[in-house]
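Hi,

Here is the structure I said I would pass on. Have a look, and then read on for what turned up.

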Amino acid sequence: MSRNWKKRGQRGYALVVVILVLLMVSYLSADLGLNVRTELKVATNVKERTEGRFLARAGLVMAQFRRADTPQNSIGTPYEKFLEGYPYEEHLSEKGRFRYVLVSESGKIDLNRFPEELMRLFLAYHGIDENDAAVILDSLQDWRDPDDLHRLNGAESDYYETLDDPYIPRNGRIGDPAEFFLIKGTEPLRGKFNPYAVFTVYNNKSQINFNSMTPEMLEFVAGGDQEIIDAYRQAQEEMPGRLFNIIDMQNILGTERYSQMRLFVAPAGTTTNYYYIEAIGEPGYRQEEAGDGQAQRHWPGLRIEAIYQWQGNKAKYLFWKESFS
């Protein structure tokens with residue numbers, strides 16, 4: 001009797017061991033499968049990011065080439081004049097697409113020489129009231145001046161050094177548009193616009209070049225009026241190669257908006273050899289027929305922003321930033 005119980009106990013123990021082994025094998029198999037899927041996903045992401053980077057760089061190079069190139073019409077095919085500030089895109093079959101826009105830095109607000117009323121208009125456009133605008137404007141002046149005497153609504157070292165993450169103001173000429181968000185009072189504006197698309201430190205005039213504006217600057221100059229934006233783009237397309245003049249500005253902006261902006265926007269040609277490029281590469285982007293329209297599909301892309309100085313026939317890069325779009 002005891003011998004039979006002993007055999008039964010051994011069989012029960014063996015069953016438990018088999019179950020434990022099976023559980024362990026199942027766990028290891030699942031873990032291995034998860035690791036394989038994770039590695040495949042990582043490899044796919046790296047591949048897509050690399051493709052996006054090369055597509056974005058292609059957009060950057062294309063923008064520079066088209067701005068510098070002025071070929072004559074050949075074999076009866078008219079040459080498409082490159083328009084500064086106009087958003088272009090190129091499709092590469094199944095590989096994806098790249099988009100790019102290039103503008104002169106003269107089409108932005110210079111943080112070192114802006115008219116105060118222009119900055120007030122810009123801040124009001126982004127929802128900043130008069131009191132908060134006064135803080136930003138005074139703090140901007142204090143950020144640039146070399147002394148430690150703050151203006152009525154401004155801030156100097158004694159303010160910035162007491163922050164949770166303290167730093168000291170520049171006390172000199174602003175060297176990077178992103179410094180704007182280090183200045184007292186600008187916190188509510190974070191995320192509302194790209195500082196490199198609206199601000200500059202390379203515009204040698206206090207006015208905005210109406211002939212070369214980023215989409216963000218065009219939106220501001222137009223006061224967010226889509227009809228004005230469309231009129232500007234249509235005029236660009238209908239008059240390639242011709243710079244806008246005062247009459248064009250009045251017709252595009254309309255009487256009300258022109259009266260607000262006429263002191264701050266000029267129909268000047270390029271007045272600086274500094275340029276800004278935004279190029280976005282989107283791997284896997286393609287258009288597919290889907291019922292009654294076009295379906296578009298793409299993976300997250302990579303954005304390159306660059307500022308360069310054109311010296312003879314060479315580009316000297318002063319700023320380069322990559323981010324995922």
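You will find Asn 194 in the loop between α4 (157-160) and α5 (195-198). Leaving aside neighbours within four places in sequence, Asn 194 is in contact with Tyr 276, Glu 278 and Glu 305, where contact means heavy atoms within 4.5 Å.

Some ground rules before the rest. This is a predicted model, so local features need pLDDT of at least 70 and side-chain atom pairs count only at pLDDT 80 or more, while totals for chains, interfaces and linings use all residues. Residues are numbered from 1 along each chain as its sequence is written, and side-chain values use heavy atoms, with hydrogens and water left out.

Now the overall picture. The protein chain has eight helices and 11 strands; these are DSSP runs numbered from the N terminus (helices are H or I with at least four residues, strands are E with at least two). Of its 325 residues, 39% count as buried. Among contacts between residues at least 6 apart in sequence, 61% join residues at least 24 apart.

On to the inside. The largest nonpolar core has 44 residues, and Ile 109, Met 119, Phe 180 and Phe 210 touch the most other members. The elements giving two or more residues to this core are α2 (116-125), α3 (130-144), α6, α7 and α8. By nonpolar core I mean a set of buried Ala, Val, Leu, Ile, Met, Phe, Trp, Tyr and Cys residues joined through side-chain atoms within 4.5 Å. Not counting residues up to four places away in sequence, Ile 109 touches Phe 114, Leu 118, Met 119, Phe 122, Val 198, Phe 199, Thr 200, Ile 208, Met 217 and Phe 220.

Helix α7 is worth a look in the viewer. Its 13 residues (226-238) should span 18 Å at 1.5 Å a residue, and the end C-alpha atoms are 18 Å apart, which agrees; the expected span is 1.5 Å times one less than the number of residues. Which residues of α7 are buried? They are Ile 228, Ile 229, Tyr 232, Arg 233, Ala 235 and Gln 236. These cover an arc of only 160° around the axis, which puts them on the same side of α7; the arc is that of the directions from the helix axis to the C-beta atoms. What covers them includes α6 (215-221) and α8 (246-261). The face turned away from the buried side carries the exposed residues Glu 227 and Glu 238. At the N-terminal end, Asp 225 caps α7, with a side-chain oxygen 2.9 Å from the backbone nitrogen of Glu 227.

Then the charges. The count comes to 11 salt bridges, taking a salt bridge as a side-chain nitrogen of Lys or Arg within 4 Å of a carboxyl oxygen of Asp or Glu.

- Arg 97 and Glu 282 meet at 2.4 Å, N to O. The pair links distant parts of the chain, with Arg 97 in strand β2 (residues 96-104) and Glu 282 in strand β7 (residues 274-283), 185 residues apart. Arg 97 is buried at 9% relative accessible area, and so is Glu 282 at 3%.
- Glu 116 pairs with Arg 120, the closest N and O atoms being 3.0 Å apart. Being four residues apart in helix α2, they are separated by about one helical turn. Glu 116 is partly exposed at 41%, as is Arg 120 at 29%.
- Arg 170 and Glu 179 meet at 2.5 Å, N to O. Arg 170 is partly exposed at 43%, whereas Glu 179 is buried at 6%.

There is a network of salt bridges too, linking Glu 89, Arg 97, Arg 99 and Glu 282.

One last thing, on the backbone. Asn 171, in the loop between α4 and α5, has a phi near 55°, a positive value in a residue other than glycine. Most residues other than glycine have a negative phi. Asn 171 is partly exposed, at 23% relative accessibility.

Cheers

Note on methods:
Buried < 20%, exposed > 50% of the residue type's maximum accessible area, 1.4 Å probe, protein only. Polar contact = N/O pair within 3.5 Å; in protein donor to acceptor, adjacent residues only side chain to side chain.
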